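Please keep the sequence and the coordinates at hand while reading.

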Amino acid sequence: MSAASTSWKRTPFKECVPIPYHASFDAEQFVRLKIGLIPRKMEDKWFIYYEKPELFFHRSWTGQPVYRLTLAPLADGGGTVSEAFWSKELAVGSKNGPDYQVQLLDFLVANLLLGQSKSFPFPPSLREPMPGLIEHHVSGTGFPESRPKSEKS
């Protein structure tokens with residue numbers, strides 16, 4: 001069953017800021033993106049749904065909007081991200097800028113929607129008290145972690 005905007009509680013997107021996330025997907029991956037993700041248990045931290053032409057990412061517990069991608073279909077049945085946005089409300093006070101958001105968004109798309117196993121990009125602004133703690137809080141997953149490349153000044 002595909003996720004829809006009515007599948008879970010959510011707060012609508014308001015103002016957003018663009019982030020430099022770019023990705024292309026083959027036909028099978030494009031279909032998987034459009035299925036989205038409906039939380040099933042406490043560890044599921046994200047509600048993700050598609051409403052043509054956009055893919056929306058909300059935190060599952062609060063319904064808070066986080067990311068919005070505009071997807072453009074390709075002639076071969078695949079698709080590409082033509083625009084990517086991050087909630088301005090979150091961006092304003094974040095210590096982890098757009099470069100980190102791109103890495104986190106790539107992790108979420110790959111692991112939660114496409115069934116891949118990319119390493120979790122550990123936030124550069126934090127020191128982790130216990131391995132896996134931040135990742136579980138952010139994504140509810142237990143993939144290997146990686147330190148992201150430095151943010152551009």
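What percentage of the 153 residues in the chain is made up of buried residues? In this predicted model, buried residues account for 44% of the chain. The points below are grouped by topic.

**Overall make-up**

- The chain holds four helices and eight strands, and along the sequence these follow the pattern β-β-α-β-β-β-β-α-α-β-α-β.
- Of the contacts between residues at least 6 apart in sequence, 60% join residues that are at least 24 apart.
- The accessible surface of the chain is about 8,400 Å², and carbon and sulfur atoms contribute 55% of that surface.

**Nonpolar cores**

- The largest nonpolar core comprises 30 residues, and those with the most contacts inside it are Y21, L33, L55, F57, Y67, L69 and V109.
- Two or more residues of this core come from each of helix 1 (27-35), strand 3 (46-51), strand 4 (54-59), strand 5 (65-73), strand 6 (79-87) and helix 3 (98-113), with helix 3 giving the most, namely eight residues.
- Leaving aside residues up to four places away in sequence, Y21 touches L69, V81, A84, V102, L105, D106 and V109.
- Another core, of six residues, lies apart from the largest one, and its members include A3, I38, F47 and F56.

**Salt bridges**

- The count of salt bridges comes to three.
- K88 and E15 meet through their side chains in a salt bridge, with an N to O distance of 3.5 Å; K88 belongs to helix 2 (residues 88-93) and E15 to the segment before strand 1 (16-18), so that the pair links distant parts of the chain, 73 residues apart. K88 has a relative accessible area of 34% and is partly exposed, whereas E15, at 54% relative accessibility, counts as exposed.
- E54 and R68 form a salt bridge between their side chains at 3.1 Å, N to O, and this pair links strand 4, where E54 lies, with strand 5, where R68 lies, across 14 residues. R68 counts as buried because its relative accessibility is 16%, and buried means under 20%.
- D106 and K118 meet in a salt bridge between their side chains at 2.6 Å, N to O; because D106 lies in helix 3 and K118 in the loop between helix 3 and strand 7 (120-121), the pair ties together parts that are 12 residues apart in sequence. D106 counts as partly exposed at 25% relative accessibility, and K118 counts as partly exposed at 33%.

Terms used. Residues numbered from 1 in each chain as written. Predicted model: local features only at pLDDT ≥ 70, side-chain atom pairs only at ≥ 80, totals over all residues. Heavy atoms only, no water. Core = buried A, V, L, I, M, F, W, Y, C linked by side-chain atoms within 4.5 Å. Buried < 20%, exposed > 50% of the residue type's maximum accessible area, 1.4 Å probe, protein only. Contact = heavy atoms within 4.5 Å. Areas by Shrake-Rupley, 256 points an atom, 1.4 Å probe, with all protein chains shown as cover. Salt bridge = Lys/Arg side-chain N within 4 Å of Asp/Glu carboxyl O.
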